[in-house]
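Subject: Structure handover

Hi,

Here is the structure I promised to pass on. Please open it and keep it in view while you read my notes below.

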Amino acid sequence: YDELEICKDKFNVVYAGNLGNAQNIDIIIDAAQKLLSNQEIVFLIFGSGGLKEQYVNKVHALGVKNVRFFPLQPIERVSQVYGLGDVCVVSCKPGLGGAAMPSKMVSIMSAGRAVAASFDEGEVTYLLKHYNCGKCAPAGDVDAFAEMILSLSANRETCKQMGQNSRQLVLDRFTRK
């Protein structure tokens, strides 16, 4: 926290990974803009990619002060990065995520964090619903995603429980054993 000047007392929403087209980082920025009046919620985006400059410029142009960008961290720091979040984001553009589960989902769950997804119906949404590991809004639905983040921020104990459920699911079903 100290190294990156991140406040532990805020509700930190972390995204880490590629900042490209398929990941729909716009939904995070647009949700942050909708939630700008709630000074307890901060969006932390760690990553690199072809659209990073475009996203940084969008945040500045809109005056969205609750989004901070950081460089992509080395792989050995993945659990630390996800550990900074009260919830961690998995997102995709509509139509791109139904059949797949991104590897970052297991990384988030391994770090014992709740998942906040903006994703198509499929394996991701199934796991979140059936194992109470987080919440999901339909891919591309900014209002639903913002409302979900607001709801999660109001229920930090629920987020902690979802994170514990995530970690237990990884131990029970996603280890080499």
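Start with Phe-43. Skip its neighbours within four places in sequence, and look at what is left. Phe-43 is then in contact with Val-13, Ile-28, Ala-31, Ala-32, Leu-35, Asn-66, Val-67, Arg-68 and Ile-149. Keep in mind that this is a predicted model.

Where does Phe-43 belong? It is part of the largest nonpolar core, which has 31 residues. Ile-28, Phe-43, Val-87, Phe-145 and Ile-149 touch the most other members of that core. Several elements supply at least two core residues each. The strands that do so are S1 (11-18), S2 (41-48), S4 (87-91) and S5 (114-119). The helices are H1 (25-34), H2 (52-62), H6 (142-153) and H7 (156-173).

Now step back to the whole chain. It has seven helices and six strands. From the N terminus, the order is β-α-β-α-β-α-β-α-β-α-β-α-α.

Next, the overall dimensions. The C-alpha trace spans about 50 × 35 × 30 Å along its principal axes. Does the radius of gyration agree or disagree with that of a compact globule? It agrees, because a compact globule of 177 residues would have a value near 16 Å, and this chain has 15 Å.

Contacts tell you about the fold too. Take those with a separation of 6 or more: 73% of them join residues 24 or more positions apart. Buried residues make up 45% of the 177 residues.

Then the surface. The chain exposes about 8,800 Å², and carbon and sulfur atoms supply 49% of that area. There are 19 positive and 18 negative charges, and their mean positions are 4 Å apart.

Is Pro-71 buried or exposed? Its relative accessibility is 52%, so it counts as exposed, since the cut-off for that is over 50%. Pro-71 still has partners elsewhere in the sequence. Leaving aside neighbours within four places, it is in contact with Phe-46, Gly-47 and Lys-52. Pro-71 and Gly-47 are 24 residues apart along the chain, yet their C-alpha atoms are separated by 5.3 Å.

Best wishes

Methods
Residues numbered from 1 in each chain as written. Predicted model: local features only at pLDDT ≥ 70, side-chain atom pairs only at ≥ 80, totals over all residues. Heavy atoms only, no water. Helix = DSSP H or I, 4+ residues; strand = E, 2+ residues; numbered from the N terminus. Rg over C-alpha atoms; globule rule 2.2 N^0.38 Å. Buried < 20%, exposed > 50% of the residue type's maximum accessible area, 1.4 Å probe, protein only. Contact = heavy atoms within 4.5 Å. Areas by Shrake-Rupley, 256 points an atom, 1.4 Å probe, with all protein chains shown as cover. Lys, Arg positive; Asp, Glu negative; His and termini not counted. Charge placed at Lys NZ, Arg CZ, Asp CG, Glu CD. Core = buried A, V, L, I, M, F, W, Y, C linked by side-chain atoms within 4.5 Å.
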